[in-house]
Amino acid sequence: MKKISSFLVLVLMTAFFVGCGGKADSSDGVYEGVGQGKGGDLKVEVKIEDLGITDIKILEESETAGYAASLSTLINDIIKYNSTDVDTVSGSTLSSNGLLEAVKDALDKAGIDPKDLKQVKQEEDDGVKEEVSEEYDVIVVGAGGAGLAAAIEAKMDGANVLVVEKMPIAGGNTLISGAEYAAPGNWIQEKEGIEDNPQLMVEDTLEGGDHINDRDLVTVVAENALEDAIWLRDEIGVIWEDELMFFGGHSVKRSLIPLGASGREIINKQLAKAEELEIPIYLETKAEELIMEDGKVTGIKAESNNKSYTLTAKKGVIIASGGFGSNIDMRVKYNPEIDDKILSTNTVGSTGDGITMGEKVNADLVGMEWIQTYPICDPLTGTLLYFDDARLFGHTVIVNKEGKRFVEELGRRDVMSMAIKEQTGSVCYEIIDENGYVESKLEQNHKPELDYLFENDLLVKADTLEEAAEKFDLNVDEVVASVERYNTYVEDGEDPEFNKRSLPSKLEKGPFYILKAAPAVHHTMGGLKINTNAEVVDTAGNVIEGLFAAGEVTGGIHGKNRLGSNALADIIVFGRTAGRNAAGK
Ligand code: ADP
């Protein structure tokens with residue numbers, strides 16, 4: 001159980017209550033409560049004044065980072081309406097319920113029945129916000145991996161920088177990702193004798209994207225990926241693990257793993273650097289539109305709870321607002337198949353705002369219909385499951401309900417996802433043995449997720465393969481036959497059925513684990529068209545002066561399908577490129 005980091009400690013607005021007569025109620029005070037979140041115990045401290053909830057602090061939680069962001073929305077609502085009868089946050093029902101349970105527990109300790117909480121008269125909203133005008137050299141929209149890389153680079157290059165982030169915490173999808181990073185020719189490859197070079201990564205990426213990618217942009221990523229991974233290590237303090245992962249579609253093992261196989265390592269270190277460099281990050285501040293003057297972008301309009309900002313950028317605006325995986329209308333507009341029946345791994349902030357803002361200044365869009373699903377996600381919520389690390393280390397066999405293998409376990413994400421969608425129940429079953437479990441450090445890196453999966457019957461463990469398969473009511477004989485055949489392929493070093501590109505070990509040592517999983521929307525490949533300087537290009541092919549973009553908000557780099565671990569390389573390389581060019585270096 002971790003202590004929640006200080007920036008998540010939410011000091012929240014004062015609520016206004018009818019009849020706050022000033023007389024202390026006997027239940028006034030601060031009470032602790034516990035609920036069951038998605039990752040385990042969720043502990044809160046609730047301040048009660050005159051039968052009103054005036055503050056809620058999260059003391060402990062083990063939620064996936066992105067859910068913590070959505071919890072703050074819920075906390076705001078509980079305080080605003082002085083009620084536990086509020087809507088849970090979509091996409092994070094389990095965490096939301098855990099929080100509500102914890103608040104109710106605290107109320108119980110205060111001797112208050114939730115229905116006895118004072119009715120709230122909402123403060124009349126006169127709609128008047130404070131008008132604020134500020135001036136910077138560079139303004140960055142979005143504090144995910146790309147935005148923070150851009151801001152740090154621009155500041156290091158001498159620019160005065162501001163970052164605006166619409167969510168209550170920084171990090172975006174980068175924070176909740178595994179954050180593996182494809183870096184051809186890296187130091188671990190050298191140690192392991194793996195030959196690689198940027199050109200090979202370019203070819204793999206083009207092949208993975210069905211050759212509709214922009215070769216020039218891909219080349220920028222591949223040629224700078226290693227240098228920027230070293231920059232993250234040496235300048236930003238990111239710790240890379242001493243081993244590599246093998247992602248589907250890459251022809252060699254080339255992906256670095258951040259400490260704990262989590263984007264927390266990248267974002268936390270970027271935030272520490274931003275703080276050291278004194279880069280202001282305005283949280284809960286949403287960029288609404290770009291300001292254009294004489295055909296040039298000169299700033300943005302942004303809104304917070306109580307302020308309307310006019311923010312001037314003397315040198316440039318960098319859009320790094322991520323993709324649109326959580327915006328169902330936008331998904332359906334560009335690809336009707338990716339409708340509301342498909343869950344999403346994304347944070348609620350991925351709504352394509354930067355694309356919409358860009359369109360209004362005539363920015364060109366590329367590849368909008370290419371929306372990637374990730375094959376191994378929670379069938380209940382859509383959350384990407386890090387149990388899948390075992391697959392990326394090569395240790396899994398995937399079967400269907402009938403117990404049969406049906407796809408290469410290290411195949412492309414889109415190929416695997418579509419193959420899974422066609423199986424019974426549109427789910428698959430990922431099998432590993434004890435060796436795979438230990439080698440993949442599942443317990444070490446992802447314990448809260450494992451607890452959640454066991455509790456929700458999505459993961460089973462048994463001494464024998466037969467018993468494990470029975471628990472999911474799979475065709476046991478077929479499961480055993482599939483694994484036995486697979487083990488002979490490991491011996492032969494070749495998989496004649498599905499050509500699995502890495503066969504490190506047999507599945508033979510109990511206990512065995514089986515995960516039930518389904519695909520969910522993961523990455524939107526399309527977005528703003530940029531050139532190799534990260535400048536945004538308009539529909540006539542001209543650069544829009546003063547406007548840069550980096551990260552998932554851009555299109556063209558990943559073609560029809562993004563290879564795993566290419567996003568991190570992309571967002572850091574193009575984040576830095578945008579920062580450098582916006583700063584005018
Ligand atoms: P990338 O990987 O490209 O950095 P992320 O999803 O990690 O993308 O980060 C994008 C960030 O941008 C998220 O933190 C998201 O909340 C933020 N964001 C999205 N739209 C806006 C907006 N209109 N104003 C400010 N921040 C935004």
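1. In this note, a residue is called buried when its relative accessible area is under 20%. By that criterion, the buried residues of helix α16 are Val476, Val479, Val480, Ser482, Val483, Tyr486, Asn487, Tyr489 and Val490. An α-helix has 3.6 residues a turn, so residues three or four places apart point the same way.

2. The model is a predicted one. The average pLDDT of the protein is 91, and 92% of the residues score at least 70. Residues 1-23 call for caution in reading: pLDDT stays under 50 there, and the model has 56 contacts beyond four places in sequence for this stretch.

3. Which elements cover the buried residues of α16? They include the strands β16 (397-399) and β17 (428-432), together with helix α15 (465-471).

4. The length of α16 is consistent with its residue count. Its 17 residues (476-492) should span 24 Å at 1.5 Å a residue, and because the end C-alpha atoms lie 25 Å apart, the two values agree.

5. At its start, a side-chain oxygen of Asn475 comes to within 3.3 Å of the backbone nitrogen of Asp477. After the helix comes Gly493, with a positive phi near 70 degrees.

6. An open sheet of 3 strands has the order β7-β9-β8, with antiparallel pairing. β7 (181-182) and β8 (240-245) are the edge strands; each has a single partner, so one side of each lacks a neighbour in the sheet. Between β7 and β9 (residues 255-258) there are 2 bridges, and Tyr181 stands opposite Leu256 of β9.

Note on methods: Residues are numbered from 1 along each chain as its sequence is written. This is a predicted model: local features need pLDDT of at least 70, side-chain atom pairs count only at pLDDT 80 or more; totals for chains, interfaces and linings use all residues. Side-chain values use heavy atoms; hydrogens and water are left out. Helices (H or I, at least four residues) and strands (E, at least two) are DSSP runs, numbered from the N terminus. The expected span of a helix is 1.5 Å times one less than its number of residues. Buried means under 20% relative accessible area, exposed over 50%, partly exposed in between (1.4 Å probe, protein chains only). Contact means heavy atoms within 4.5 Å. A polar contact is a pair of N or O atoms within 3.5 Å; within protein, one must be able to donate a hydrogen and the other to accept it, and residues adjacent in sequence count only if both atoms are side-chain atoms. Two strands pair if DSSP finds at least two bridges between them. pLDDT is the predictor's confidence in each residue, from 0 to 100.
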